[in-house]
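Let's take a walk through a protein model together. Have the sequence and the 3D view open, and look up each spot as we reach it.

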Amino acid sequence: MRRRLAGISLLGVLALTAAACGSGGGGGGGGGSTQAADSPVTITMWTRAATQTQSERLVQEYNKTHKNQVKLTVIPTDNYQPRIAAAAGAKQLPDVFAADVIFVPNYTSQGLFMDITDRVNALPYKAGLAPSHMKLGTLDGKMYTLPHTLDLSVWFWNKDLYEKAGLDPEQGPKTLKEFAQHATTIQEKLGKDGKVHGTFFGGNCGGCYVFTFWPSVWAAGGQVMNAEGTQSLNDQPAMTDVFKIYRDLYEKKVTGPTTKEEQGPTWTGFFPKGEIGVMPMPSTTLGLMPKDVKIGVTPIAGPDGGESTFVGGDSIGISSTSKNADAAWEFLSWTVSDQAQVEVMAKNKDVLARTDLASNKYSAEDPRVVLINSLVAKGQTPFALRFGQTFNDPQGPWLRYAREAVFGDVSKLPQLNAEITKSLQQ
Amino acid sequence: MTLTITRSGRRPAHSAPPARWRSRKVQGWLYAAPTAVIVGVLFIAPLVLVVWMSLNRWPLLGQATFNAPENYTKIADNPLFVDAVFFTLKYTAITTVLLSAVALGLALLVQDRKPGIGFFRTAFFLPGAVGFAAAGLLFYGMLNNDFGPIDPMLQSLGITDEPIKWIGTPNMALFSTITLVIWRFAGFNMLILLTGLQAIPTEVYEAARSDGANRWQVFTKITLPLLRPTLALMLILSVTGSLLAFDQFFVFTNGGPDNSTVSMVMVIYREAFFRFNLGGAAALSVVLLVALVGLNTLMMRRLR
């Protein structure tokens, strides 16, 4: 049972290590470099499992073509934030680390990233860097991160299932109401043996809700928070209308049977198996889909139309405690170079971190990629300093709110929405 | 150095000891020093630091600022922690009773040396060798409604009509977790009880039998009273471990559904690593530590 002590003793160890490492630290600073000019340097990098494939490709290509090397560590997505927090407390952060873009404002405000304003300003293609990622990586006029990977939420539909259900396989849904109709038709026509379902979503996963439901709100012209990220607007009709449609789908058993219990790690696993008719998916999974599943991609719409997306993914920065700032910057600036963006990212159907390269020799080969690239400008990345603890944390107030809205008691929503606002302001 | 002799001939307490005594005292300190250093660095220093942390606003990087007693006064405003206290106490009570009963039952089953008994002892203990996180994942996989083998098995045997929401409702999530914990720890606790059972002299049993005691009388009048110190040890381990429950809920239920299985340590973890409120987490840790020390002292006195 001693293992159970881990959680509590971790704090003690954390404190001990922090003390042993001495005081100081603090955020920012230009970051000196201690490496000798000619000797190769190995820098350490962390990334989360959700965007592992893209990071691995970039690191492999960099290591193949450069003298300096990058040692990449992939950490399970759910444990990423705690690992960063523990490492920061112990001043054991790697030289560079990628982070879910929505957590970046919190990390910069805690002083975890090094100020790279001057270095970014010197980049010739600075204006082309993905604007939402750059916005969230800027604090008090100083820049701390570069866009690393872009992961957009879009609707995927299974063309084979559409055909079998008598729907037009070349026409995806154009409104959320149409999405619900398509899903219902597939469930009614093909769902009798329990293997195929109309749609699916992560019903016990706060991050899944924001990634897949909020674009429908934005497409309808609504907002989910005020611009400062300090007040929840999730009790407004734009959001409640979206909840109603998903609630109806759940009550009619159009969603997979484990929708309500899905905690997140496996929510994208059902679609590639050909078991789901139409559902919101991360754009990064497009390149990983089996060749034999015919997939259509369309923007997420509001109840009556419009288009939007959650511009997610990772930003990357140099940790404020790194001793290899120059080598780290060499790698970071290479990842957003023409060569890396086109020959590594675009070649593998990934969304580019630079808008000026959206049209390239690979993107034209697949109209779905062109569509996804075009959504970067229409989508949003919500800003809130307390995003993680409010919306992603399983014990945070948002998950309670969303679950009551879709599966539970809607009379509790006003009070729970007030708790979301309270958490955003803490 | 002068030595004052009192009327009774005894050396007064305040007088300096002879050089030989002093060198023996220094030697004693030297012998104890390695242990003292280990205890100081590994046990006392982290505790002092956690207490110091709990009196400060402690950011991830940068300087801490003294804010006592804010971290402590805010505990009552944390409804998640208040709920977690009640949940953890409920979980501890149920787990301890069931675990003790199952472990004692297993220990009695494999108490006597018979052919093949080693196999059963090993089989019962085997889950104890599985890491808690691995055990959580194992149960998550087995009980998963999509790909777990348990539901299809129950349905093919005609016991259930549709998949059971093993972690989908608060009561089932608690039940499933307790099953996991019993599976994981019953064998370990059985081993503790087995050593206690085997320490009871066989002569006592023989005497009881020759006096005409039946099996129940032997169990209640001899086995249980003589097993008391071992049972006390098991109870203390079980209660302390259950109050510090973390892995099983973190990996298996993730605190859900709807925060119904959030333990106290999970709240501490959340405060530290999701809310980055290290000072607040340290305050919660100190409160839990004090409560545990108090409870263990009480149990030691009662059960000794």
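## A cysteine pair in chain A

Start at A:Cys208, which counts as buried because its relative accessibility is 4% (buried means under 20% relative accessible area, exposed over 50% and partly exposed in between, using a 1.4 Å probe and protein chains only). A:Cys205 is buried too, at 10%. These two are joined by a disulfide, with 2.1 Å from S to S; the cut-off for calling a disulfide is a pair of cysteine sulfur atoms within 2.5 Å. In case the word is new, a disulfide is a covalent bond between the sulfur atoms of two cysteines.

The A:Cys205 and A:Cys208 link is right-handed, with 80° about the S-S bond. How many disulfides are there over all chains? The count is one.

## What kind of model this is

This is a predicted model, so local features need pLDDT of at least 70 and side-chain atom pairs count only at pLDDT 80 or more, while totals for chains, interfaces and linings use all residues. Residues are numbered from 1 along each chain as its sequence is written, chains are lettered from A and ligands numbered from 1 in the order in which they are written, and side-chain values use heavy atoms, with hydrogens and water left out.

## Chain A as a whole

Zoom out, and chain A shows 16 helices and 11 strands (DSSP runs, numbered from the N terminus: H or I with at least four residues for helices, E with at least two for strands). Its C-alpha trace spans about 65 × 50 × 45 Å along the principal axes. Of the 426 residues in chain A, 60% are buried.

Now for contacts, meaning heavy atoms within 4.5 Å. Among those in chain A between residues at least 6 apart in sequence, 76% join residues at least 24 apart.

Most residues other than glycine have a negative phi, and most peptide bonds are trans. A:Lys349 has a positive phi of about 65° without being a glycine. You'll find A:Lys349 in the loop between α12 (338–345) and α13 (367–375) of chain A, partly exposed at 33%.

B:Pro69 sits in the loop between β2 (65–66) and α2 (70–73), and B:Pro257 in the loop between α10 (247–253) and α11 (264–273).
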